[in-house]
Amino acid sequence: MVFTSVVFVFLFLPIAMALFYLFPARWRTIPLLVTSAVFYAWGEPVLVLLILGTGMVTYYLGKVLLRAEGVARKWWLAAGIVVISIPLVVFKYLEFVLDSLGLERVSAEVTLPLPIGVSFYTFMSISYLVDIYRHRDDGAPGLLDFSGFLAMYPHLVAGPIVRWAHIGPQLAKPTFDPGLFTYGAIRVATGLAKKAVLADSIAPIVDSLFASGHPTSVGAAWLAVILYSLQIYLDFSAYSDIAIGLAAMMGIRFHENFRYPYLARSAREFWQRWHISLGSWFRDYVYIPLGGSRVSPLKVWRNLFVVWALTGLWHGAAWTFVLWGLYYGVLIGIERFAIGKPLERLPRWLQHVYGVLVAMLGWVLFRAVDVGQAMAYYRSLFGAGGVPLWDAQATLALQRGAGLAIVSIALAAGAAKWLMDRVRSQIALPDDDESLTSLAETRATRVLSTRAAIGWSVVVVACMLIATAYMVSLTYAPFIYFRF
């Protein structure tokens, strides 16, 4: 089941919310776990056992870690991380490993499904054990509580990667908060509109440009990269909007996961704004334990290479993803040791141009089917691919995507930021905080006036109607596509 489906919006979500609030506050983990299991099992009935089993193993390993002492604690932690990681390694990376070892025939016979959210709940489980090991947390009070946290459907599809220390206290006794519920509905509606109306309309144009295997012109190459940069931002951030909104409707605060990353002025700042929960996870559980930046320059480079190779591999089982991660590791290292200060002295607009260009060039590796296609695109982008400056394919892509691109660029540049800030201030949501536990005790407390409630209801309904109309048109009239 996906968030943008009619089944989810008009059937699953109303039932899930009704069940959640029909139960007393202290027992709401039960309907949350049941509805999350239904959500997960919608397309993969058997694999729901995998996430439930992961939750059980993680919970009891956490209990063992709490009682263990001395060297035994390290061994239990290491064993726990290995056991929890087995499903991720097998289901996501086994075929990649076999191909890399030259065992293509064996790999072709291995047809394993990729469980929904396996990367997310694996990382959540690992951070849970590490936090207990570091004495930062005592863990969940019961298996039901932890299972509800791990499997809760808002973050299951595409994150964010949440942590027990932040979400656990909120799940202990979630209460209905009108302001937070309204804010959540607005985030869900805007996320649906962003995904269904914009990202899903840009995707076919991007697919047609990349389908040829190599760019047909310099213009087609640049249009492909620009449109894909917009598509992936709208896609990823839309899912985070929906996840944050769904959690808020249940009285639970998630940290922000995207903060207008194309406003970044460096590769480092880009990753401070892009998929924030993933970046902070690698920082806290890989980079800092390796020594972080408080070691010799050589070891800093080693740490950067390890972290960013893993970051790339986390996104997908292919060498293009590994190279994409290393691309950022090298850039961030160069910014740190060589060009950081000169970059800061440049005019702000030049810094922004650099930040956007760095991101777009990185997306070539991310989107390419193999390294050969990526290299063909890099050559064509800079006029070295032996292709014309412009062709009919570029003209068609421009005609189909110009309006979408203008709206998407405006949103990516923060054109609607003032509106969302106004929503937050009127509903009295506290400013987001990077600490793990600061949001656990916060709630929106201001009561909305009738006028404000009606106004925001109109916004929600309008966004929902736009997204729904477009989803229905895609479902029942494939020949209709959205054009500006």
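Let's start inside the chain, at T311, which lies in helix α13 (residues 297–315); helices here are DSSP runs of H or I with at least four residues, strands are runs of E with at least two, and both are numbered from the N terminus. This is a predicted model, in which local features need pLDDT of at least 70 and side-chain atom pairs count only at pLDDT 80 or more, while totals for chains, interfaces and linings use all residues. Residues are numbered from 1 along each chain as its sequence is written, and side-chain values use heavy atoms, with hydrogens and water left out.

T311 has a relative accessible area of 3%, so T311 counts as buried; the classes are buried under 20%, exposed over 50% and partly exposed in between, with a 1.4 Å probe and protein chains only. The T311 side chain reaches the backbone oxygen of V307 at 2.8 Å. That is a polar contact, a pair of N or O atoms within 3.5 Å; within protein, one must be able to donate a hydrogen and the other to accept it, and residues adjacent in sequence count only if both atoms are side-chain atoms. Setting aside its neighbours within four places in sequence, T311 is in contact with W271, L278, F282 and W324, where contact means heavy atoms within 4.5 Å.

Now step back to the whole chain. Its secondary structure consists of 19 helices and zero strands. Of its 484 residues, 54% count as buried. Among contacts between residues at least 6 apart in sequence, 75% join residues at least 24 apart.

In soluble globular proteins, nonpolar side chains tend to be buried together. Here, the largest nonpolar core has 123 residues, and those with the most contacts inside it are F8, Y153, Y328 and W363. Helix α10 (residues 218–249) gives this core its largest share, 17 residues. A second, separate core has six residues, among them L180, Y183, A248 and V423. A nonpolar core is a set of buried Ala, Val, Leu, Ile, Met, Phe, Trp, Tyr and Cys residues joined through side-chain atoms within 4.5 Å. For a look at the surroundings of Y153, leave aside its neighbours within four places in sequence: its contacts include F3, F8, F12, L246 and M250.

Next comes α7. Its buried residues are F146, S147, G148, F149, L150 and A151, and they pack against α2 (29–41), α3, α6 and α8 (164–172). The lining is made up of I51, L52, G55, S147, L150 and A151. By class, that gives four nonpolar, two polar and no charged residues; Ala, Val, Leu, Ile, Met, Phe, Trp, Tyr, Cys and Pro count as nonpolar, Asp, Glu, Lys and Arg as charged, and the others, Gly among them, as polar. About 30 Å³ of space lies in this cavity, and the count comes to one cavity of 30 Å³ or more. On a 1 Å grid over the protein atoms alone, a cavity is a set of points where a 1.4 Å probe fits but cannot get out, and lining residues have an atom within 4 Å of a point.

Helix α6 (residues 118–133) holds S119, which is buried at a relative accessible area of 8%. The side chains of S119 and K92 are joined by a polar contact of 2.9 Å. Beyond its neighbours within four places in sequence, S119 is in contact with L88, K92 and W314. In helix α4 (residues 71–100) you will find I81, which is partly exposed at 27% relative accessibility. I81 and S125 are 44 residues apart along the chain, and their C-alpha atoms are separated by 8.4 Å.

Finally, two loops are worth a visit. H135, in the loop between α6 and α7, has a positive phi of about 60° although it is not a glycine; H135 is exposed, at 65% relative accessibility. Y260, in the loop between α10 and α11, also has a positive phi, near 45°, but Y260 counts as buried at 19% relative accessibility. The backbone oxygen of Y260 is reached by the side chain of R273 at 3.4 Å. R273 itself sits in helix α11 (residues 267–273) and is partly exposed, with a relative accessible area of 22%.

Definitions and conventions. 1 Å grid on protein atoms, 1.4 Å probe; cavity = no way out; pocket = protein on both sides within 12 Å on 5 of 7 lines; lining within 4 Å. Points joined across faces, edges and corners; volume = space filled by probe spheres on them.
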